[in-house]
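Welcome! Please take a look at the sequence and the 3D view below, and then we will walk through them together.

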Amino acid sequence: MTSLICGSLAYDNIMQFGGRFSEALLADQLHKINVAFLVPELRREFGGCAGNIAYNLRLLEGDPLIMGTIGHDGGPYLERLDQLEISRRCVRTIDSTYTAQAFITTDVNGNQITAFHPGAMTLSHQNKVADAGAVKLAIVAPDGRDGMLQHAVDCVDLNIPFIFDPGQGLPMFNGGELEHFIELATYVAVNDYEAELLTGRTNLTLDQIAKRVSALIVTRGEQGAEIFSDGQRIEIPCVQADQVVDPTGCGDAFRAGLLYGITNGMDWATTGRLASLMGSIKIAQQGGQNHRPSRQEIEDRFQKAFGYRF
C-alpha cells in the first residue's frame, strides 16, 4: 500500500515584521529600493510539498515513501523523518548545494514578501522512480521542473498510476507540456486558481480535462472541493475548522487524504471528505507539520462531520 511522493523537501523560515510594508516602501522610489525590516520573531519549519504530504499520510497510518532531494544542510530533516518513521531511502543528498528554502516575511496587515531558493530541488531529476521498488500509487507534486517531467514519464513506463499535482510549479510549464502531463496522469489535483491557469494554458475546459483522467479534483478553499469522475461531479463540503490559523500546507494535507482514500479503495465521496477533513485539521496549527491528531481522533472527527466512519 506504499504511496510514492515525488516532490520538494524544504525549510520554511518565517519572520514577522511589526510594521507595515507600505510605510517603508515609497511609491516614487521603487526603482531604487534599499530597505531593511526588523523581524523580532523568527521560526524555522519543516516543509516542502513531499514532506508535508508524507507527514499527513503518516498521521493516517499510511505508508509514504518520499522521493526528493536535500542539500548538505539536510541532516535535521533526515533525523525528523526517522523520528516520524517515514522512509528516506529515496531521499538523495546533494552535497554541493543547500536544501530548498523559503524566506517569508509578513507585516501586521498580513502582506508577505517571500524569497525562495530552490537549491537541491533543481536536481530532483537525479532520482529515478524505478529505484522506489513496488508502490501502489504515486503523486508528482511541485519539485524541480526536470524532475517533475521525468517522474511522470517514469510512472507511466512502470505502470504506476499517479496524481499530477502541479501546485505552485504550474507556471514553469507551457500549454503543451501541461497537456502532456494530463495525458500521462491517472488523476489531476489543483486548487481553483491553478485550475484557471491550467485551463487557460491548455485551452481545455475542466470537463475536457476530466474526460482524459480517472478523476479531476479541484479544491476551492472554504467552499469545499469538486471531484469530476466518470461523467459525474461530486461536491465535497468544507469541514469546519476549530480555528483558522495558517493555511500553509492545507493543500498538502488534502492530498494526503486523496492518497489514502485511493490506495484503500474508498469511493470518491469518502475520499474527498477525508481529504477535506485533513485540510481543516491542518489549518488550525501554524506550519505544515505541527498538527498531531491520532488516527483515532481523525476517525472520530470524520464520524462527527459526516455521520459514519471511513
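## Starting at Glu-177

Leaving aside residues up to four places away in sequence, Glu-177 touches Arg-145 and Met-172, where a contact means heavy atoms within 4.5 Å. Glu-177 lies in helix 5, which covers residues 175–184. Glu-177 counts as buried because its relative accessibility is 19%; buried means under 20% relative accessible area, exposed means over 50%, and partly exposed is in between, using a 1.4 Å probe and protein chains only.

Some notes on reading the model: residues are numbered from 1 along each chain as its sequence is written, and side-chain values use heavy atoms, leaving out hydrogens and water. This is a predicted model, in which local features need pLDDT of at least 70 and side-chain atom pairs count only at pLDDT 80 or more, while totals for chains, interfaces and linings use all residues.

## The whole chain

The protein chain contains 10 helices and 13 strands. These are DSSP runs numbered from the N terminus: helices are H or I with at least four residues, and strands are E with at least two. Along the principal axes, the C-alpha atoms fill a box of roughly 55 × 45 × 45 Å.

How does the radius of gyration fit a compact globule? For 310 residues such a globule would have a value near 19 Å, and the protein chain has 19 Å, which agrees. The radius is taken over C-alpha atoms, and the globule rule is 2.2 Å times the number of residues to the power 0.38. Of the 310 residues, 55% count as buried. Looking at contacts between residues at least 6 apart in sequence, 68% join residues at least 24 apart.

## Helix 8 and its partners

Two packed helices are described by the angle between their axes and the distance between the axes. Helix 8 (residues 250–263) packs against helix 9 (residues 268–282) at an angle of about 150°, and their axes are 7 Å apart. That angle makes helix 8 roughly antiparallel to helix 9. Here the axes are lines fitted to C-alpha atoms, for helices over the stretch in contact, and angles run from 0 to 180 degrees between N-to-C directions. Angles under 35 degrees count as roughly parallel, over 145 as roughly antiparallel, 65 to 115 as roughly perpendicular and the rest as oblique. Among the residues that meet are Phe-254 and Leu-258 in helix 8, with Trp-268 and Leu-274 in helix 9. By class, the contact of helix 8 with helix 9 has 10 nonpolar, six polar and one charged residues. In this count Ala, Val, Leu, Ile, Met, Phe, Trp, Tyr, Cys and Pro are nonpolar, Asp, Glu, Lys and Arg are charged, and the others, Gly among them, are polar.

Helix 8 also packs with helix 2 (residues 49–59), at an angle of about 55° and with axes 8 Å apart. Helix 2 and helix 8 are therefore oblique to each other. Cys-49, Asn-52, Ile-53, Asn-56 and Leu-57 of helix 2 meet residues of helix 8, including Asp-252, Arg-255 and Tyr-260. Sorted by class, the contact of helix 2 with helix 8 has seven nonpolar, two polar and two charged residues.

## Helix 9 meets helix 10

The axes of helix 9 and helix 10 (residues 295–306) come within 10 Å and cross at roughly 115°. Helix 9 and helix 10 are therefore roughly perpendicular to each other. On the helix 9 side, the contact includes Arg-273, Leu-277 and Ile-281, while helix 10 brings Ile-298, Arg-301, Phe-302 and Phe-306. By class, the contact of helix 9 with helix 10 has seven nonpolar, two polar and two charged residues.

## Residues in loops

Where is Ser-214 placed? Ser-214 sits in the loop between helix 7 (206–212) and strand 11 (215–219). Ser-214 counts as partly exposed because its relative accessibility is 38%. Not counting residues up to four places away in sequence, Ser-214 touches Thr-186, Tyr-187, Phe-228, Ser-229 and Asp-230.

Which phi value does Glu-61 have? Although Glu-61 is not a glycine, its phi is positive, at about 65°. Glu-61 is in the loop between helix 2 and strand 4 (63–71), and Glu-61 counts as exposed at 55% relative accessibility. Glu-85, another residue other than glycine, has a positive phi near 60°. Glu-85 lies in the loop between helix 3 (75–83) and strand 5 (91–94), and Glu-85 is exposed, with a relative accessible area of 59%.
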